[in-house]
Amino acid sequence: MYIVLLRYTKPLDVVDCSLPEHGEWLARQYQAGHFLASGRQIPRDGGVILARPMRRGQLDALLATDPLAIRRLVRHEVVEFQATRTAPELLRVNEAILTT
C-alpha cells in the first residue's frame, strides 16, 4: 500500500484555482478502485492519499496525471508500506494480508 503526501509548491490561492479539477481526478481514481482515502493536511500545506496496493510504476503514472502535478503546483512524496495488520473493515482491500 502507499501513503502519498502532497506538498503544495505554490501559494494556496493559486492551488485553489485547480482544486475542482483535482477533485474530479480523485473521483476517477476512486471509481477505478485505486484510492482508499484522501484529504487535506492540517495545517493546509498539502494533502494525503491512501492508495491501494499496485505496482509502483502504475502509481507514479497515475500521480503524473493529477492536474496539480501537471501544473507543477504540488510535489508527491510516496511512502510504500506493507500492511501486516488492518482493521477488519480493511481486510478486503489489503491483498497483502493472508487470512487463515
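The largest nonpolar core in this predicted model has 19 residues. Val4, Phe35, Ile49, Leu59 and Leu68 have the most contacts inside this core. Strand β1 gives the most, with four residues. In soluble globular proteins, nonpolar side chains tend to be buried together.

Leu68 shows what such a position touches. Leaving aside residues up to four places away in sequence, its contacts are Tyr8, Val15, Ser18, Leu19, His22, Leu73 and Val74.

**Sheet and helices**

Four strands form an open sheet in the order β2-β3-β1-β4, and the pairing is antiparallel. Strands β2 (35-40) and β4 (74-80) are the edges, each pairing on one side only. From one strand to the next, the twist averages 15°.

Strand β1 spans residues 2-8 and runs antiparallel to β4, joined to it by seven bridges.

Helix α2 (residues 19-31) lies across β1, β2 and β3 (46-51), and runs at about 160° to β2. Helix α3 (residues 56-64) lies across β1, β2, β3 and β4, and runs at about 160° to β4.

**Salt bridges**

The structure holds three salt bridges.

| Side-chain pair | N to O distance |
|---|---|
| Arg44 and Asp16 | 2.5 Å |
| Arg71 and Glu21 | 3.0 Å |
| Arg56 and Asp60 | 2.9 Å |

Side chains of opposite charge can pair when their charged atoms come close.

Arg44 is partly exposed at 26% relative accessible area. Asp16 is also partly exposed, at 34%.

The side chains of Arg71 and Glu21 meet in a salt bridge too. Arg71 sits in the loop between α4 (67-70) and β4, and Glu21 in helix α2, so this pair ties together parts 50 residues apart in sequence. Arg71 is partly exposed, with a relative accessible area of 38%. Glu21 is partly exposed, at 36%.

Arg56 and Asp60 both lie in helix α3, four residues apart, about one turn of the helix. Arg56 is partly exposed at 35% relative accessibility. Asp60 is partly exposed, with a value of 35%.

**Annotated region**

An unreviewed UniProt entry lists residues 1-73 as "domain: YCII-related". Over residues 1-73, the chain is 42% helix and 26% strand. The end C-alpha atoms of that stretch are 24 Å apart.

Notes. Residues numbered from 1 in each chain as written. Predicted model: local features only at pLDDT ≥ 70, side-chain atom pairs only at ≥ 80, totals over all residues. Heavy atoms only, no water. Pairing = 2+ DSSP bridges. Helix = DSSP H or I, 4+ residues; strand = E, 2+ residues; numbered from the N terminus. Axes fitted to C-alpha atoms, helices over the stretch in contact; angles between N-to-C directions. Contact = heavy atoms within 4.5 Å. Core = buried A, V, L, I, M, F, W, Y, C linked by side-chain atoms within 4.5 Å. Buried < 20%, exposed > 50% of the residue type's maximum accessible area, 1.4 Å probe, protein only. UniProt positions renumbered as here; feature names shortened; annotations may be inferred. Salt bridge = Lys/Arg side-chain N within 4 Å of Asp/Glu carboxyl O.
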